[in-house]
Amino acid sequence: MIRLKKPKSEPKVSAGSMADIAFLLLIFFLVATTLMQDKGLMLQLPPDVPPTETPINERNLFKIRINSKNQFLIEEKVVDDLHNLKEEIMDFVLNPNSNPSLSVSPDKAIISIKTQRGTSYANFIDVLDEVKEAYYTMYGDRVGLSSKEFRALDKKNPSQNELYLIAREGLPMNISIAEPDKIN
């Protein structure tokens with residue numbers, strides 16, 4: 001008589017608890033993971049009020065345009081880069097030699113930035129950074145600080161807040177960011 005060997009049964013793994021383990025892992029990663037959030041631009045938007053016509057003396061307006069080909073037009077001059085923009089803005093705003101073609105006074109100076117649709121976001125940010133750096137340099141110069149030290153002032157500290165207010169007195173950061181033009 002021939003005896004047939006019974007095939008050995010393979011060990012079985014119970015799959016009943018696999019779903020529970022998968023859900024536990026999913027919950028763990030949902031709780032332990034932080035998602036990156038866009039910080040966006042730190043711009044304070046003006047309150048929502050109807051626009052009013054305010055007469056602006058053309059002399060007090062420093063115009064910066066960026067076209068859709070990312071070319072800069074600063075005060076009606078085409079420039080390739082922004083390396084002198086900060087100094088030009090500081091001269092325009094402060095007008096140390098009472099030049100009749102520059103702003104009447106620092107509190108009336110307005111820096112106008114206008115773009116076209118298709119302008120690269122990076123170029124707009126570069127221009128905005130240069131304009132703000134010019135203002136921070138002027139503020140810092142007023143109180144004997146560098147622009148970086150001025151930006152690091154803690155407004156909650158009374159002595160540093162006083163420096164901050166002294167530096168900004170009579171020198172508002174007037175930046176006009178107009179809506180982009182359409183490409184013709």
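Guide: Welcome! The model is predicted, so local features need pLDDT of at least 70 and side-chain atom pairs count only at pLDDT 80 or more, while totals for chains, interfaces and linings use all residues. Residues are numbered from 1 along each chain as its sequence is written, and side-chain values use heavy atoms, with hydrogens and water left out.

Visitor: Why is the contact between glutamate 58 and lysine 63 called a salt bridge?

Guide: A salt bridge is a side-chain nitrogen of Lys or Arg within 4 Å of a carboxyl oxygen of Asp or Glu. For glutamate 58 and lysine 63, the closest N and O atoms are 3.1 Å apart, so the pair qualifies. Side chains of opposite charge can pair when their charged atoms come close.

Visitor: How do you know that lysine 63 is partly exposed?

Guide: Buried means under 20% relative accessible area, exposed over 50%, and partly exposed in between (1.4 Å probe, protein chains only). Lysine 63 has 21%, so it is partly exposed.

Visitor: What makes arginine 151 and glutamate 133 a pair that ties parts together?

Guide: Their closest N and O atoms are 3.1 Å apart, and they form a salt bridge. Arginine 151 lies in helix H4 and glutamate 133 in helix H3, so the pair ties together parts 18 residues apart in sequence. Helices (H or I, at least four residues) and strands (E, at least two) are DSSP runs, numbered from the N terminus. Arginine 151 is partly exposed, with a relative accessible area of 45%.

Visitor: Why is the ring pair of phenylalanine 62 and phenylalanine 92 called tilted?

Guide: Rings of Phe, Tyr and Trp (its six-membered ring) pair if their centres lie within 6.5 Å; planes under 30 degrees apart count as stacked, over 60 as edge-to-face and the rest as tilted. Here the centres are 5.2 Å apart and the planes stand at 55°, so the pair is tilted. Phenylalanine 62 sits in strand S1 and phenylalanine 92 in helix H2, 30 residues apart. Both phenylalanine 62 and phenylalanine 92 are buried.

Visitor: What makes tyrosine 139 and phenylalanine 150 a tilted pair?

Guide: Their ring centres are 5.3 Å apart and their planes are at 45°, so this pair is tilted too. Tyrosine 139 belongs to helix H3 and phenylalanine 150 to helix H4, so the pair ties together parts eleven residues apart in sequence. Ring pairs also link Tyr135, Tyr136, Tyr139, Phe150 and Tyr164 into a cluster.
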